[in-house]
Each structure stands twice: as C-alpha cells, then as structure tokens.
Amino acid sequence: MSKNVVVLDYGSGNLRSAQRAVERTGADVTVTSNFQEAMNADGLLVPGVGAFEACMRGLKAVRGEQIIGRRLAGGRPVLGICVGMQILFERGVEHGVETEGCDEWPGVVEPLEAPVVPHMGWNTVDAPEDTRMFAGMDADTRFYFVHSYGVRHWLLETHSEKIRAPRVAWTTHGQPFVAAVENGPLWATQFHPEKSGDAGAALLTNWVDTL
C-alpha cells in the first residue's frame, strides 16, 4: 500500500510543487490545514518560504506547532523544508525582530554572513556517511538553495549512547551553515528537494521509504 503524506497548508511554501514532487515517489499526497488529517498521515511535510515571523504566525493559525510537537512525541515522521526547517529551531532573528520558533532543536536562525546574499542556486552538501536521507548519493551531489538566513551553529548535544545522535549536514556559502538534519522521525532540509531534480527526488524517496 502507498503511504499517505500531508503537505501542511499554513499559507507559506510552494505547496503544489511539493505535492507533485512527493507524489512522484508513489505516495498519496493531500494538501491541507486540517488538524486531524495532518495528525493521522503517515508523513507530514512542512514547507516554508518568506520571513520566519510570518511563517510562525501562519503556522500557529492552524495549530501547526501543536501538530508537529504531537507527531514527534509519538514518533510520527515530519519533514521540514527551507523556512519549514528554520521554524523547527528555538528562534529566528530577522531585521532585528526576534521570533520564537517551534523549539524542537536549540539554536537561532540568523542572517548568512557571505559576500553575496541571498544564497541562490546549486551547492553541494557535506553529509555524514550513515544518513538515510542521503543514502545512495555521491558526495558531489548538488541541491538547490534560495535563502538569506540559516543556522550557523548546531547546539544540540547528545550524551547518551542509547540515543542516536542527530545526523547534521553542512553547506558553505561564505561560512558553513546547517543544510539538513536527520533526527529520528524529524528530518529537515534548508535546500528545496522539490526543486533539486533527480537529487531531490532521491531524497524524498528515501524519506517516504521510512514512513
């Protein structure tokens, strides 16, 4: 049986392109803001474009932060993309405005420090070898980025040998920043898999295979 994925509609993100990209993996995809449908889906995809503060406002309007938190508490898979990744962190700072995020991970989303901003175009990702997210991909695989903000410091430390530490991938544009995280049922990418051609399709297939 094919897996059911909900693309969370909270007024932000390339909803239809995300829907089509996940459908190509063979999953059944619904775009909705319905709380119960989002809770019950095999996988939840949280897209996001634009400002951190606006995304959080839209997310709270559909109780999205509760959906994400409750799904993760039950070990239910969530995938955040672009600003949908950024809002998973503790807070974001844009134009001097500080906004609380979902606080699934400690850390701050802040302006990239680079000669050219936004970071727009194709770039490689330095990923740990044992990630499921990047399984089957070469080290020089490129993904498509469009962003001016990012997480430049990974702060979560895992001291227990019984808990698998998050697998954090990095990309450099001016300075290194977090490009992707695989943390149990919570996956996230700063780049856009739905705009990354065959590489993005492979990543989404890897995610759907875990559902």
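User: What is the strand order in the open sheet of 4 strands?
Analyst: The model is predicted: local features need pLDDT of at least 70 and side-chain atom pairs count only at pLDDT 80 or more, while totals for chains, interfaces and linings use all residues. Residues are numbered from 1 along each chain as its sequence is written, and side-chain values use heavy atoms, with hydrogens and water left out. Strands (E, at least two residues) and helices (H or I, at least four) are DSSP runs numbered from the N terminus, and two strands pair if DSSP finds at least two bridges between them. The pairing in this open sheet is mixed, and its order is β6-β5-β7-β10.

User: Which strands stand at the edges of this sheet?
Analyst: In the order β6-β5-β7-β10, an edge strand has a single partner, so one of its sides is left without a neighbour in the sheet. The strands in that position are β6 and β10 (149-150).

User: Do β5 and β6 run parallel or antiparallel?
Analyst: Strands of a sheet pair through backbone hydrogen bonds, in either direction. Strand β5 covers residues 89-94 and strand β6 residues 97-100, with 4 bridges joining them. Arg91 stands opposite Glu100, and Glu94 stands opposite Val97. The two strands run antiparallel.

User: Which residue in the turn of the β5 and β6 hairpin has a positive phi?
Analyst: The hairpin leaves 2 residues between its strands. With a phi of about 55°, the residue is His95.

User: Is Gly80 buried or exposed?
Analyst: Gly80 lies in strand β4 (residues 78-81). Leaving aside residues up to four places away in sequence, Gly80 touches Val46, Met85, Trp187, Ala188 and Thr189, where contact means heavy atoms within 4.5 Å. Buried means under 20% relative accessible area, exposed over 50%, and partly exposed in between (1.4 Å probe, protein chains only). At a relative accessible area of 0%, Gly80 is therefore buried.

User: How far apart are the C-alpha atoms of Gly80 and Trp207?
Analyst: Along the chain these two residues are 127 residues apart.

User: Where is Cys82 found?
Analyst: Cys82 has a positive phi of about 55° although it is not a glycine. With 4% relative accessibility, Cys82 counts as buried. Its place is the loop between β4 and α5 (83-86).

User: What is the relative accessibility of Arg63?
Analyst: Arg63 lies in the loop between α3 (52-61) and α4 (64-73). Arg63 is not a glycine, yet it has a positive phi of about 60°. Arg63 counts as partly exposed, because its relative accessibility is 37%.

User: Which loop holds Pro118?
Analyst: The peptide bond that leads from Val117 to Pro118 is cis, with omega near 10°. Pro118 is found in the loop between β7 (105-111) and β8 (119-124).

User: What is the radius of gyration of the chain?
Analyst: The radius is taken over C-alpha atoms, and the globule rule is 2.2 Å times the number of residues to the power 0.38. For 211 residues, a compact globule would have a value near 17 Å. The chain agrees with this, at 16 Å.
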